[in-house]
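Here is the colleague's note you asked for on this structure. Please read the points with the coordinates open.

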Amino acid sequence: KTGAVLLGISPDTSKAQKKFQDKFKLPFSLLADADKKVAEAYGVVQEKNMYGKKVMGIARTTFVIGPDGKIQHIFPKVKPEGHAAEVLAYLKESAKGAAYFRADLS
């Protein structure tokens with residue numbers, strides 16, 4: 001209803017993405033970034049702590065991108081629980097101030 005388009009992207013292969021999408025019946029497109037070029041371009045390849053060891057990984061992040069292709073808002077360190085509602089609230093609030101606003105998440 002917000003006019004937003006939702007896309008998910010991860011460093012998984014297209015085959016793994018399809019399996020994940022089917023398993024969870026996701027109603028949006030998943031994009032594969034197996035070479036991590038997109039993740040690097042968006043600055044989400046970061047050092048993480050896994051079981052006491054420092055490793056490089058993808059920081060779960062949501063980007064709201066406007067119709068002009070520019071980043072409107074960044075949600076860093078995303079926790080899946082409750083995040084959809086958080087993004088939807090942001091989109092609704094943003095739409096109040098700019099009727100033209102469209103983003104990549106709903």
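The numbered points below go from the overall fold to single residues.

1. The model is a predicted one, and local features are discussed only where pLDDT is at least 70. The protein has three helices and six strands. Read from the N terminus, these elements follow the order β-α-β-α-β-β-β-β-α. A box of roughly 45 × 30 × 25 Å along the principal axes holds the C-alpha atoms. The protein has 106 residues, and 25% of them count as buried.

2. The largest pocket. How much space lies in the largest pocket? The figure is about 1300 Å³. Its lining takes in 36 residues, and those nearest the centre of the pocket are L7, G8, I9, R60 and T61. Six elements are listed as giving two or more residues to this lining: strands β1 (7-10), β2 (29-32) and β5 (62-65), together with helices α1 (14-24), α2 (37-41) and α3 (83-97). By residue type, the lining consists of 24 nonpolar, seven polar and five charged residues.

3. Strand β5, already named as a contributor to the pocket lining, pairs with strand β6 (residues 71-75). The pairing is antiparallel and runs over four bridges. Within it, F63 has I74 of β6 as its bridge partner. The two strands form a hairpin with five residues between them. In the turn, G69 has a positive phi of about 85°.

4. Aromatic pair within α1. The model has three aromatic pairs; two of them are described here, in this point and the next. The rings of F20 and F24 have centres 4.8 Å apart, and the pair counts as tilted because the planes stand at 55°. Both residues belong to helix α1, where a spacing of four residues puts F20 and F24 about one helical turn apart. Is F20 buried, partly exposed or exposed? At a relative accessibility of 43%, F20 is partly exposed. F24 is also partly exposed, its relative accessible area being 45%.

5. Aromatic pair across the chain. Y42 and F63 make an edge-to-face pair, with 4.8 Å from centre to centre and 65° between the planes. Y42 sits in the loop between α2 and β3 (45-50) while F63 is in strand β5, so the contact ties together parts that are 21 residues apart in sequence. The two partners fall in separate accessibility classes: Y42 is partly exposed at 37% relative accessibility, whereas F63 is buried, with a relative accessible area of 14%. The cut-off that matters for F63 is that buried means under 20% relative accessible area.

6. The salt bridge. How many salt bridges does a search of the whole structure find? The search finds one. Side chains of opposite charge can pair when their charged atoms come close. Here K18 pairs with D22, and the closest N and O atoms are 3.0 Å apart. K18 and D22 both lie in helix α1, and being four residues apart they are separated by about one helical turn. K18 is partly exposed at 46% relative accessibility, and D22 is partly exposed at 43%.

7. P76 is exposed, with a relative accessible area of 56%. The C-alpha atoms of P76 and T62 are 6.6 Å apart, although the two residues are 14 apart in sequence. K77 is exposed at a relative accessible area of 73%. Its phi is near 50°, a positive value in a residue other than glycine.

8. K25, in the loop between α1 and β2. K25 has a positive phi of about 50° and is not a glycine. The residue lies in the loop that joins α1 and β2. Is K25 buried or exposed? K25 counts as exposed because its relative accessible area is 70%, and the class of exposed residues begins over 50%.

Terms used
Residues are numbered from 1 along each chain as its sequence is written. This is a predicted model: local features need pLDDT of at least 70, side-chain atom pairs count only at pLDDT 80 or more; totals for chains, interfaces and linings use all residues. Side-chain values use heavy atoms; hydrogens and water are left out. On a 1 Å grid over the protein atoms alone, a cavity is a set of points where a 1.4 Å probe fits but cannot get out, and a pocket is an open set with protein on both sides within 12 Å along at least five of seven lines; lining residues have an atom within 4 Å of a point. Grid points are joined across faces, edges and corners, and a volume is the space filled by probe spheres set on the points. Ala, Val, Leu, Ile, Met, Phe, Trp, Tyr, Cys and Pro count as nonpolar, Asp, Glu, Lys and Arg as charged, and the others, Gly among them, as polar. Two strands pair if DSSP finds at least two bridges between them. Rings of Phe, Tyr and Trp (its six-membered ring) pair if their centres lie within 6.5 Å; planes under 30 degrees apart count as stacked, over 60 as edge-to-face and the rest as tilted. Buried means under 20% relative accessible area, exposed over 50%, partly exposed in between (1.4 Å probe, protein chains only). A salt bridge is a side-chain nitrogen of Lys or Arg within 4 Å of a carboxyl oxygen of Asp or Glu.
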